Amino acid sequence: MSDLLERLRGRGWRLTAQRRVVAEVLDGDHVHYTADEVHAAAVERLPEISRATVYNTLGELVSLGEVIEVTTDGRAKRYDPNAHHAHQHLVCAKCGTIRDVHPSGDLLADLPTQERYGFAISAVEVTYRGLCPDCAA
């Protein structure tokens, strides 16, 4: 069983066939699908699943804090099930491939006190951009 499915069961979230399929599609490393990509993959497993059900399920998963919405290109939201492990993103500027990365050190400590402007900072999000090996070739 996937980590996401285990977390959802632990929360007592009712796993209908449709919800289960969406959670299964989101299983894996470096998963950052758009809602349309989730729907396309879900239809392969459960042909009768509707686009509205996929969107509603993704919205519920985000509200529960089990999936993170990621926007890296200013357009389509992507859904990241790696919600419980601190990480940043590495994005290919050409093809849009996204990888989870875990930089060492304290990213918050890298922001000088004078650049915090009195904010009580609760989170840091960093996106590294470049070209993946396929696009750089």
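This is a predicted model: local features need pLDDT of at least 70, side-chain atom pairs count only at pLDDT 80 or more; totals for chains, interfaces and linings use all residues.
Residues are numbered from 1 along each chain as its sequence is written, and side-chain values use heavy atoms, with hydrogens and water left out.

**Overall layout**

The chain has five helices and six strands, taken as DSSP runs numbered from the N terminus (helices are H or I with at least four residues, strands are E with at least two). In sequence order they read α-α-β-α-α-β-β-β-β-β-α. The C-alpha trace spans about 55 × 40 × 25 Å along its principal axes. Of the 137 residues, 32% are buried; buried means under 20% relative accessible area, exposed over 50%, and partly exposed in between (1.4 Å probe, protein chains only). Look at contacts (heavy atoms within 4.5 Å) with a separation of 6 or more, and 46% of them link residues 24 or more positions apart. The accessible surface, by the Shrake-Rupley method with a 1.4 Å probe, comes to about 8600 Å², with 49% belonging to carbon and sulfur atoms.

**Helix α1**

Helix α1 covers residues 3-10, and its buried residues are Leu4, Leu5, Arg7 and Leu8. Seen down the axis, they fall within an arc of 160 degrees, so they line one face of the helix; the arc is that of the directions from the helix axis to the C-beta atoms. An α-helix has 3.6 residues a turn, so residues three or four places apart point the same way. The buried residues of α1 pack against α2 (17-25) and α4 (51-64). After α1 comes glycine 12, with a positive phi near 75 degrees.

**Cysteines**

The disulfide count is zero, with a disulfide taken as a pair of cysteine sulfur atoms within 2.5 Å. Here are two of the cysteines:

**A nonpolar patch**

Leu111, Tyr117, Phe119 and Ile121 make a nonpolar surface patch of about 440 Å². Such patches use residues with over 30% relative accessible area and no salt bridge, joining nonpolar side chains (Val, Leu, Ile, Met, Phe, Trp, Tyr) within 5 Å and like charges within 9 Å. A salt bridge is a side-chain nitrogen of Lys or Arg within 4 Å of a carboxyl oxygen of Asp or Glu. Tyrosine 117 sits in the loop between β5 (98-101) and β6 (127-130), and at 62% relative accessibility tyrosine 117 counts as exposed.
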